[in-house]
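Subject: A structure for you, with notes

Hi,

Here is the structure I promised to pass on. Have a look at it first, and then read on for what turned up in it.

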Amino acid sequence: MIPWKMFWTVLGAVVSMATAAGLALFHVPMLISVPIVVVAAGGCSIAAKTTVGVADVFDKLTRARRQVIARWVTGAIAIHASWIILFQLRPVLWLAWLVALLALAGVEYGVARSQEYMLARRTPAPSKELAVAPGTSAVVGNDSGTAVHQQFATPEDEVHAKIGWALMLSGHSWLQISEPAVIVALDTGRPLGVRALLEIELMTQNVAIAVARAGRRSSKPQEKIELTAEDRKKMAIALRQITGTKLYSDWVSLIEQPEAGVYELVVLFEDVLSAVRPFVDDLSPTTSRDPQMGGYEVNGQPTYRRLDQHGADIGQSRWGKSSKINCKLAATTKMTNATQWVCGTSKLYDLIAGWIAPYEGTEFKHPFGWVVFGPQHTLIMLATALVIARWRQNQPMDARRNFKTIFIQFDEANAPSALQNTTISVKIDGVAYTMSKLAYSLVNEAGGAEVWLHLACHRLTDPNFGPHTTDINNGLAWKSVFHVGDIAEIGRATEDYNLENPRHKGEFWDNPGADDPIIKLKAPYIQEIDPSKPKLHDGLTVSDVAWARRMFGHDLDEGSARVAAEFAGALYSNRFQYATPEFDHYLRNAGPMADADDSDEEDRHGENVGGVEMAADSYDVAFAETAAELDALFAGASAPVAGSSSAAEAVESEGMATVVTTLPRRTVRERIVAIVQASDEELTRGDIIAALAEEGPEVKAQVVTNTLGDLVKDGSAVVRNEGGRYCAA
């Protein structure tokens, strides 16, 4: 077989000689022959650049090295064009010109061989450890198709070779590889994996080249403009086959970058994210504008994020979501210009019990500026935050210097008694606000007043945040996604549906927003004090971290505190600031019980009414007695306010925001179940939507789709047959 180098060298010499002879024999004037030669040379140069860019023989070379080859070819074309023009000037010296042409061909062949040798040294083929099993046609190390085993000049060359051969095996040889690197553990220097950027390039070759390449092994699909989860799985299989080692699919990540057509390929060779990383407490005071440690990358590198943004932590229970929230609380409670508020309608005690416990029986205030529990009190806290934000935005510029940043941690925000709850509302300037509308208003307008809402939830989909789910999602700047039950939830939160589901507790996808790339992180773990939970390390507990914050100030600035007291009344003025038995009782008994399952069951007792009047028929007698007891407890929650002789007088003298309560109505889930169970025939999704619209109020089609999916997954009330119709279970 004639090598390509010799073929193209001989062909170039023959074409040049034929062209020069033809122009001389037909006596073409120089004014015509020179432009013809220049135009032909330019066309050949463009064709050469395109061919080098798509030729199979150069698949394993980087784009930079292909450009070097293209420049050499362009130079050779220019020399041949010059030879043809010189031949026209003195055709009688044709024998000398012929000798010169043969010498030129010999030099070109020598240069091509030397370049091949240099590229072979700089771009080594896979080592023996990377050799593919015998019979695999993807391994072609040289012109004869034999794999060449050589030493790697640099670690980057080895990474390039590994990924390059894997892409060839998986059918992705048309991708360009750039910035290859080895992932090294910061503490030990041990290699953990490799990473590189993969770039999609649209081919610009003409139809003839496209036809010539048709049917060849590495021919690139013309319509391929994005990489999918299927591509990632193929790459993972190819890497496992090449390395001969066990490689889990989630060790291979394909992350879309902000730059168009660019993906980051991250390949781990061990399960580095399974290890627990104990929390390390740095007691240096910070501010809300200082980036805080958000998690560790796969190589142990800490990543820092600013918390003064609206955001959400998403994931199933017991997958490390609370650990990341504890780390956030550890950061905000040592900020000199911020205060941390905490609210929720279920399971709030589980989150903050460890933060309150070390302060029991002491003279120190706990580290939170305000804590409320239950739907109505949570409603008032969110409304108070909105009122403060609007008040701040109406103040003169020179009066805004001392405003404290307010962080609101809303736990279990997607619970039926939380943002989905539309049975209670509070009026601000004559306008009624449900919790969902308040959350939307906060993420839409409160950031400029340094009021930030952080949500903890299981899902983002409509209607998990109530009527304004979409608006709230659009207002969230950052999202952290832990292990989820629905893999599509990761795609909805990150806009990248190729990402795999995290397999380990504390492992999450960090979407920082603002066009920053998505990365996988491991949250540090602060050991919980709950004896029923496993002890994962001997480091700091939540109570240790909480007690270390006893000397930090957590009070709101004077002006904002005055606005809060005027709007929320005794709920803010008499808030629990000390870890008293009454505070513990309030957290464990107000509203829905702390161990209620927020994802599957409505609160059977109605809404928390501690300190707020409700309609008597909206909750049962037993809960009314609990509420009355909580009213009495709340009256002695904290020290008397200025101008009052006792806390009880403070409750009487301070007004509280009026909460309007409507009679409980059925949820979308309950309405769909009732419609399906009442029908004697199997129903389509359209039938159910029509029935909902007929009985009112109308429900959006996407909400119905999501709810039906949850019902079918649960299987206890509604089932779907093979024809896609729904009937009672």
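At what angle do the axes of α10 and helix α11 (residues 435-445) cross, and within what distance do they come? The crossing is at roughly 30°, and the two axes come within 10 Å. That angle makes α10 roughly parallel to α11, and the crossing itself is left-handed. On the α10 side the contact involves Pro 375, Thr 378, Leu 379, Leu 382, Ala 383, Ala 385, Leu 386, Arg 390 and Gln 393, while α11 brings Met 435, Leu 438, Ser 441, Leu 442 and Glu 445. Sorted by class, this α10 and α11 contact has nine nonpolar, three polar and two charged residues.

Before going further, please keep in mind that this is a predicted model. The overall picture is as follows. The protein has 729 residues, and buried ones make up 49% of them. Its secondary structure comes to 22 helices and 19 strands. Among contacts between residues at least 6 apart in sequence, 70% join residues at least 24 apart.

Now to the interior. In soluble globular proteins, nonpolar side chains tend to be buried together. Here the largest nonpolar core holds 84 residues, and the members that touch the most others are Trp 341, Ile 408, Phe 410 and Leu 455. Helix α10 (residues 375-393) gives the most to this core, with ten residues.

Helix α9 (residues 348-356) is mostly covered, with seven of its nine residues buried. Those are Leu 348, Leu 351, Ile 352, Ala 353, Gly 354, Trp 355 and Ile 356. They pack against helices α8 (321-332), α14 (542-547) and α17 (581-589), and against strands β8 (338-344), β9 (370-373) and β10 (405-411).

Finally, there are two helix contacts that share α21. Helix α20 (residues 668-678) packs on helix α21 (residues 685-695) at an angle of about 110°, with the axes 10 Å apart. The two are therefore roughly perpendicular to each other, and their crossing is right-handed. Arg 671, Ile 672, Ile 675 and Val 676 of α20 meet Ile 688, Ala 691, Leu 692 and Glu 695 of α21. This set divides into six nonpolar, no polar and two charged residues.

On to the other partner: α21 and helix α22 (residues 701-714) pack at about 120°, with their axes 10 Å apart. That makes α21 oblique to α22, and α21 passes α22 in a right-handed crossing. The residues in contact are Arg 685, Ile 688, Ile 689 and Leu 692 of α21 with Ala 701, Val 704, Thr 705 and Leu 708 of α22. They divide into six nonpolar, one polar and one charged.

Definitions and conventions:
Residues numbered from 1 in each chain as written. Predicted model: local features only at pLDDT ≥ 70, side-chain atom pairs only at ≥ 80, totals over all residues. Heavy atoms only, no water. Axes fitted to C-alpha atoms, helices over the stretch in contact; angles between N-to-C directions. Helix = DSSP H or I, 4+ residues; strand = E, 2+ residues; numbered from the N terminus. Parallel < 35°, antiparallel > 145°, perpendicular 65-115°, else oblique. Left-handed = near helix turned anticlockwise from the far one by under 90°. Contact = heavy atoms within 4.5 Å. Nonpolar A, V, L, I, M, F, W, Y, C, P; charged D, E, K, R; others polar. Core = buried A, V, L, I, M, F, W, Y, C linked by side-chain atoms within 4.5 Å. Buried < 20%, exposed > 50% of the residue type's maximum accessible area, 1.4 Å probe, protein only.
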